[in-house]
Amino acid sequence: MSALIASRVPATLELALVAAALALCVGIPMGVYSGIRPRSLGARSLQVASLIGISVPSFVIGIVLIWIAAALTLITGYDYLRTGLRLASLGLENPQVAWGA
């Protein structure tokens, strides 16, 4: 059992680190912008987007990302569904970004 878990640790760490990096790289600038211009249209838009990001369950975000990847695969021919790290990272970092704004 522990060998199976140990074999999955590198992928889990990679996924967690990529999601955290995306959350920091997107969430901090959103929060800084909203703090500098609190009543601007851009800040209000970011706040609405972050509220939606917090409100939507993770499994719904995952399904939407799969739909987008499938549509992009049909349009471009590149298999986005095979690049699961990008999709999973986007799905995981969404709530952290929403909390940052």
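1. Secondary structure. The protein has four helices and zero strands, and from the N terminus on its elements run α-α-α-α. Helices here are DSSP runs (H or I, at least four residues) and strands are DSSP runs (E, at least two), numbered from the N terminus. This is a predicted model: local features need pLDDT of at least 70, side-chain atom pairs count only at pLDDT 80 or more, and totals for chains, interfaces and linings use all residues. Residues are numbered from 1 along each chain as its sequence is written, and side-chain values use heavy atoms, with hydrogens and water left out.

2. Burial and surface. Of the 101 residues, 20% count as buried. Buried means under 20% relative accessible area, exposed over 50%, and partly exposed in between (1.4 Å probe, protein chains only). The protein exposes about 7100 Å², and carbon and sulfur atoms supply 74% of that area. Accessible areas come from the Shrake-Rupley method with a 1.4 Å probe; for residues, only the protein chains shown count as cover.

3. Contacts along the sequence. Take the contacts between residues at least 6 apart in sequence: 59% of them join residues at least 24 apart. A contact means heavy atoms within 4.5 Å.

4. Helix α1 covers residues 2–36 and holds S34. S34 has 9% relative accessibility, so it counts as buried. Leaving aside residues up to four places away in sequence, S34 touches A43 and L46. V32 is also found in helix α1. V32 counts as partly exposed because its relative accessibility is 44%. V32 and A43 are 11 residues apart in sequence, and their C-alpha atoms are 9.6 Å apart.

5. Helix α2. G42 lies in this helix, which runs over residues 41–55. G42 counts as partly exposed, at 26% relative accessibility. The 15 residues of α2 should span 21 Å at 1.5 Å a residue, and the end C-alpha atoms are 21 Å apart, which agrees. The expected span is 1.5 Å times one less than the number of residues.

6. Faces of α2. Buried in α2 are A43, S50 and G53. Seen down the axis, these buried residues fall within an arc of 80°, so they line one face of the helix. The arc is that of the directions from the helix axis to the C-beta atoms. On the other side of α2, L41, L51, I52 and S55 are exposed.

7. Helix α3. In α3, I61, L65, A69 and T73 are buried. They cover an arc of only 115° around the axis, which puts them on the same side of α3. An α-helix has 3.6 residues a turn, so residues three or four places apart point the same way. F59, W67, L74 and I75 are exposed on the other side of α3. The helix has 19 residues (58–76), which should span 27 Å at 1.5 Å a residue; the end C-alpha atoms are 26 Å apart, which agrees. Just after α3, G77 takes a positive phi of about 90°.

8. Nonpolar patch. Which residues form a nonpolar patch on the surface? They are F59, V60, I63, V64, I66, W67, I68 and L72, with about 760 Å² of accessible area together. Patches are made of residues with over 30% relative accessible area and no salt bridge; like charges are joined within 9 Å, nonpolar side chains (Val, Leu, Ile, Met, Phe, Trp, Tyr) within 5 Å. A salt bridge is a side-chain nitrogen of Lys or Arg within 4 Å of a carboxyl oxygen of Asp or Glu. V64 is in helix α3 and counts as partly exposed, at 36% relative accessibility.
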